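Subject: Structure handover and notes

Dear colleague,

I am passing on the structure below, together with my notes on what was found in it. Please read the notes with the model open beside them.

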Amino acid sequence: GAQCERRFQVGLHRGDWHWAADRYREWAATWLKPPQPPAWLRDCDGWVGLLGAPFAAMPAKLAQAQREGFDYLQYWSQMADGIDQCCGNFYWPAPALGGAEGFTSGIGKVRQAGGKVTGYMNCQTWTRDSWTNELLRRTPRADLPAQAQELLRPLEWFERWRLYPLDGQPLGYYADTLGWYIMCPASTGFSEHLRFWMADMYGGLFRTDGVYLDQAGATQAKPCYNLDHGHDDIGSWGAGMVEMLRQVREAGRRINPDYLIAIEGCGDALGQYADLHLISGLCTHPEVYHYTFPDHILISGLSNNSPLNRHQRVSRAFLNGDRFDSRLHDAGMIAAVRLRQRVKAWLYPGRFMDTVGLEVSDEAVLARWNLCELPGERAIVVAFDNESARADAHATLALPAGWEQPRHLYLFGLGGEV
């Protein structure tokens with residue numbers, strides 16, 4: 001019988017959505033904490049995703065990635081119950097890939113070579129019967145060391161911290177095939193479970209440079225009716241996720257001041273504590289988020305399904321200034337990152353301005369611009385995507401206040417040449 005109130009505002013204005021984005025940014029700045037990404041991420045061009053690679057191969061994979069322009073490896077399927085796919089939720093390093101010792105050793109060698117490594121985790125799932133299953137997907141339980149087996153949560157833990165929908169029944173998620181169920185990220189128990197794995201185990205024991213948390217900004221918020229979880233509102237999913245990220249980052253940076261949290265999806269409140277937002281295949285108009293929150297770092301490219309073809313995935317990432325979500329040996333990504341590296345000194349510290357004041361004569365040619373106003377290093381970077389190879393299009397840009405005729409003009413092609 002309890003009631004709650006939600007307030008919203010409607011604004012009428014001339015022009016397009018940029019006006020609303022400006023107003024929203026101004027309002028958000030009254031309560032939103034600015035992101036604090038590690039220094040290495042600010043200059044990072046993206047990651048190379050590894051799927052099921054043996055841990056002993058990590059140094060060789062990094063060496064190849066560095067030849068292609070990347071020094072950051074994002075591991076998928078590194079966990080014991082995920083070696084046959086990208087994802088799992090028991091995060092002990094898979095014995096079949098080299099186990100905890102191989103994982104830690106590979107990470108150490110990558111870091112010695114100047115690289116970074118993060119691993120996959122999920123923000124909301126648990127395999128209910130993992131504590132009794134003889135097989136964790138393709139990993140025999142007997143192959144796990146005693147230390148790992150002690151971390152398989154019992155049924156009582158699952159029942160206490162799972163999501164409680166209105167009907168009180170467990171909410172399955174690929175339950176018939178994978179045995180997964182939805183937990184409550186706003187609960188103190190599941191939040192602590194993620195903090196333990198993300199900070200203590202991966203950041204501390206295995207020495208990763210951080211963790212990628214799947215679905216954190218890309219899943220539907222779900223009401224939880226168990227108010228014994230530590231939340232006092234059935235709608236605490238989002239707030240609980242934010243608080244969990246805050247606790248993880250605080251714990252992770254006590255271990256490693258450069259600890260990183262990457263998440264799937266993007267969100268204003270989440271971006272206070274998430275350093276990197278994966279939007280591959282998720283955002284139909286990523287320029288809206290970029291423009292509204294230009295300080296948040298987005299990464300896009302080859303993960304997830306997308307209506308875009310492979311070339312378009314790469315070109316849109318370049319156009320919008322995203323970091324690159326790449327894979328090894330991808331020629332399009334290699335060319336794009338080489339071009340990016342010619343302009344990143346002005347692009348990354350600049351502000352994404354989208355199309356404000358920018359006009360292109362042919363709508364088939366896409367263009368975005370960024371404004372860099374560092375002391376002694378002022379520059380405007382305009383990116384074009386001319387997939388249709390239009391030769392007669394032209395662009396005009398209304399220079400911002402305080403700018404006059406440019407002193408220099410550089411034009412870079414896809415191969416990075418002038």
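**Helix α3 against helix α4**

Helix α3 passes helix α4 in a right-handed crossing. Please keep in mind throughout that this is a predicted model. The axes of α3 (residues 58-67) and α4 (residues 99-112) cross at roughly 30 degrees and come within 8 Å. On the α3 side the contact is made by Met58, Pro59 and Leu62, while α4 contributes Phe103, Gly106, Ile107, Lys109 and Val110. Sorted by class, the residues in this contact of α3 with α4 are 6 nonpolar, 1 polar and 1 charged.

Thr104 also has its place in helix α4, and at 27% relative accessibility Thr104 counts as partly exposed. If its neighbours within four places in sequence are left aside, Thr104 is in contact with Leu205 and Phe206. Thr104 and Leu409, by contrast, are 305 residues apart in sequence and 47 Å apart in space, taken from C-alpha to C-alpha.

**The sheet of β13, β15 and β16**

An open sheet is formed by 3 strands in the order β13-β15-β16, with antiparallel pairing. Its edge strands are β13 (351-354) and β16 (377-385), each of which pairs on one side only, and the twist from one strand to the next averages 20 degrees.

Between β13 and β15 (residues 366-374) the antiparallel pairing extends over 3 bridges, and Arg351 stands opposite Leu371 in β15. Between β15 and β16, which also run antiparallel, there are 9 bridges, and here Ala367 stands opposite Phe384 in β16. The hairpin of β15 and β16 has 2 residues between the strands, and within this hairpin Gly376 takes a positive phi near 75 degrees. Helix α11 (residues 331-347) lies across β15 and β16, and runs at about 135 degrees to β16.

**The parallel pair β2 and β3**

Elsewhere in the chain, strand β2 (residues 72-76) and β3 pair in the parallel sense over 4 bridges, with Thr118 in β3 as the bridge partner of Gln74. Strand β3 (residues 116-122) is largely enclosed by the rest of the structure, because 7 of its 7 residues are buried.

**Salt bridges**

How many salt bridges does a search of the whole structure find? The search returns 19, and a few of them are described here.

The side chains of Arg390 and Asp362 meet in a salt bridge with an N to O distance of 2.6 Å. This pair links distant parts of the chain, 28 residues apart, since Arg390 is in the loop between β16 and β17 (395-397) and Asp362 is in the loop between β14 (358-360) and β15. Are the two partners buried or partly exposed? Arg390 counts as partly exposed because its relative accessibility is 37%, whereas Asp362, at 16% relative accessibility, counts as buried.

A second salt bridge joins Arg25 and Asp22, at 3.1 Å from N to O. Both residues lie in helix α1 (residues 17-28), 3 residues apart, which is about one turn of the helix, and both Arg25 and Asp22 are buried.

Arg327 forms a salt bridge with Asp325, and the closest N and O atoms of that pair are 2.9 Å apart. Asp325 counts as buried because its relative accessibility is 0%. Finally, there is a network of salt bridges that links Glu243, Arg246, Glu250 and Arg254.

**Arg128 and its surroundings**

Arg128 is found in the loop between β4 (125-127) and β5 (135-136), and at 24% relative accessibility Arg128 counts as partly exposed. Which residues is Arg128 in contact with, leaving aside its neighbours within four places in sequence? The contacts of Arg128 are with Leu155, Phe158, Gly179 and Tyr181. Arg128 and Ala175 are 47 residues apart in sequence, while their C-alpha atoms are 9.0 Å apart in space.

With best wishes

Terms used: Residues numbered from 1 in each chain as written. Predicted model: local features only at pLDDT ≥ 70, side-chain atom pairs only at ≥ 80, totals over all residues. Heavy atoms only, no water. Pairing = 2+ DSSP bridges. Axes fitted to C-alpha atoms, helices over the stretch in contact; angles between N-to-C directions. Contact = heavy atoms within 4.5 Å. Salt bridge = Lys/Arg side-chain N within 4 Å of Asp/Glu carboxyl O. Buried < 20%, exposed > 50% of the residue type's maximum accessible area, 1.4 Å probe, protein only. Left-handed = near helix turned anticlockwise from the far one by under 90°. Nonpolar A, V, L, I, M, F, W, Y, C, P; charged D, E, K, R; others polar.
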